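This briefing goes through one structure by topic. Please read it with the sequence and the 3D view open.

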Amino acid sequence: MARSDDEKGTGLAERLAATRKLTLDLAAPLSDADATIQPHPDASPAKWHLAHTTWFFETFILRDHVPGYRVHDDRWPYLFNSYYNGEGERHARPKRGMLSRPSLEEVRDWRLAVDAAVQSALPGLPSEALQLVELGINHEQQHQELFLTDILATLAENPLEPAYGTQDQAACYAAEPLGWIDGRSGEVEIGAGRDGFAFDCERPRHKALLTPHRLANRCVTNGEWQQFIEDGGYRTSTLWLSDGWDWLCREGIERPLYWHAEGGAFTLAGRREIDRAAPVAHVSFYEADAFARWSGARLPTEAEWEAAFASADPMVGHQLDQAGPALPRPGGGPFGDVWQWTGSAFLPYPGFKPDAGTVGEYNGKFMSGQMVLKGASCATPRGHSRATYRNFFPPAARWQFTGVRLARDA
Ligand SMILES: [Fe+2]
């Protein structure tokens, strides 16, 4: 093995262990029952997240790169493959909440067994497998965020309004007055360069042409969203895209997800007063777009956003910390509180090439009917953010920590 691979393997081993431990720490407050419920088809049970991330390492590292490795239970890949057609048939996504077996404890034991096997294989793995370990770590981090948004959705279904944890009330947010900053215009470069980890969809780096525009200096706050509601924003069809208005009428949408008609909002810390200065979260692309129109503004494009924040510090904010699960709560900073909807569809960059093998299904096949979100949220693991990151969700999705930054033509 080349020396550089060996060094990479040592650093990977530590990051792998820390990442896998954080996921277990996130699950620590949950009972088997908490971890088994699936609140809606888009969200997955906590136990499923613990198992699926383990399946990823067992399949793409141990099965494919460790001669003689025997899969822990050959019936489980059917249960815990998410969407990889290259890995064959699988359990239906909306039925993930039906899996009372294997138990949470059996899944935890499987995790530990797979972790031990990956750690012992690591020093001898070829560089292509080490790249898959890196992908597996980043994949696990994505699932840590989904774990939290999905457990929020789960607990929100219970009229007892159980809290997942407590929040640091000292981490209060003081909104600065809304101001406008000049965006970069002319020819800019966006996308990830060749060095360092990035998902395939972030590459290649390429040129984009931007017209003069301005960006809001912060995200839209809960207080501003309340004004939108009071002004009849949810009852004024002319503010909405046609698909968005149909969605609103069909679903009876009147306010952000988790806000209650009688006041307050459900959070990971249970029902809380709405902090008017905090960034609004849990709004869909349709709502973000309507709010922008009501404001006489628009959403930024992906390229405008990335050009503006290319050198911003993604560590600012209250992101999930590797040192232990700090309960997410929108805080402050250029980004890192809520994901920011853009007006850009999730499409391949010019020259996009999916990763080789089955993991090539990771992003590319979802480039239809989804909008890009930039930044990171309070539930994004620290170290998992960068300006080139391309998060994506369908326009009606709002169970993630999704918010809004306004833009307008200069
Ligand atoms: Fe996954």
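Contact means heavy atoms within 4.5 Å. Helices (H or I, at least four residues) and strands (E, at least two) are DSSP runs, numbered from the N terminus. The model is predicted: local features need pLDDT of at least 70, side-chain atom pairs count only at pLDDT 80 or more, and totals for chains, interfaces and linings use all residues. Residues are numbered from 1 along each chain as its sequence is written, and side-chain values use heavy atoms, with hydrogens and water left out.

**Helix 10 and its cover**

- Seven of the eight residues of helix 10 (residues 302–309) are buried, so this helix is largely enclosed by the rest of the structure; buried means under 20% relative accessible area, exposed over 50%, and partly exposed in between (1.4 Å probe, protein chains only).
- The buried residues of helix 10 are E302, A303, E304, W305, E306, A307 and F309.
- Their cover includes strand 2 (186–190), strand 3 (206–210), strand 4 (213–216), strand 7 (339–345), strand 8 (371–374) and strand 11 (407–409).

**Iron site**

- Three histidines coordinate the iron ion through NE2, namely H52, H139 and H143, at 2.1 to 2.2 Å.
- Donors are N, O and S atoms within 2.8 Å of the metal (3.2 Å for Na, K and Ca); water is not among the atoms, so sites may look incomplete.
- Along the sequence, the donor residues follow the spacing H-x86-H-x3-H.
- H52 belongs to helix 3 (residues 46–65) and H143 to helix 6 (residues 127–156), so this pair ties together parts that are 91 residues apart in sequence.
- H52 and H143 are both buried.

**Helix 3 against helix 5**

- The axes of helix 3 and helix 5 (residues 104–121) come within 9 Å and cross at roughly 30°; axes are lines fitted to C-alpha atoms, for helices over the stretch in contact, and angles run from 0 to 180 degrees between N-to-C directions.
- That angle makes helix 3 roughly parallel to helix 5; angles under 35 degrees count as roughly parallel, over 145 as roughly antiparallel, 65 to 115 as roughly perpendicular and the rest as oblique.
- On the helix 3 side, the contacting residues include L50, W55, F57 and L62, and on the helix 5 side they include V107, W110, R111 and V114.
- The contact comprises 11 nonpolar, two polar and three charged residues; Ala, Val, Leu, Ile, Met, Phe, Trp, Tyr, Cys and Pro count as nonpolar, Asp, Glu, Lys and Arg as charged, and the others, Gly among them, as polar.

**Single residues**

- S82 sits in the loop between helix 4 (76–80) and helix 5, and S82 is buried at a relative accessible area of 10%.
- Apart from neighbours within four places in sequence, S82 contacts W48, R90, R96, W55 and the iron ligand H52.
- T23, in helix 1 (residues 3–27), is buried at 4% relative accessibility.
- Leaving out neighbours within four places in sequence, T23 contacts L50, R111, E140 and Q144.
- Q119 in helix 5 is partly exposed at 26% relative accessibility.

**Backbone geometry**

- Most residues other than glycine have a negative phi, and most peptide bonds are trans.
- The R101 to P102 peptide bond is cis, with omega about -5°, and P102 is in the loop between helix 4 and helix 5.
- A cis bond also joins R203 to P204, with omega near -5°.
- Y258 has a positive phi near 80° and is buried at 10% relative accessibility.
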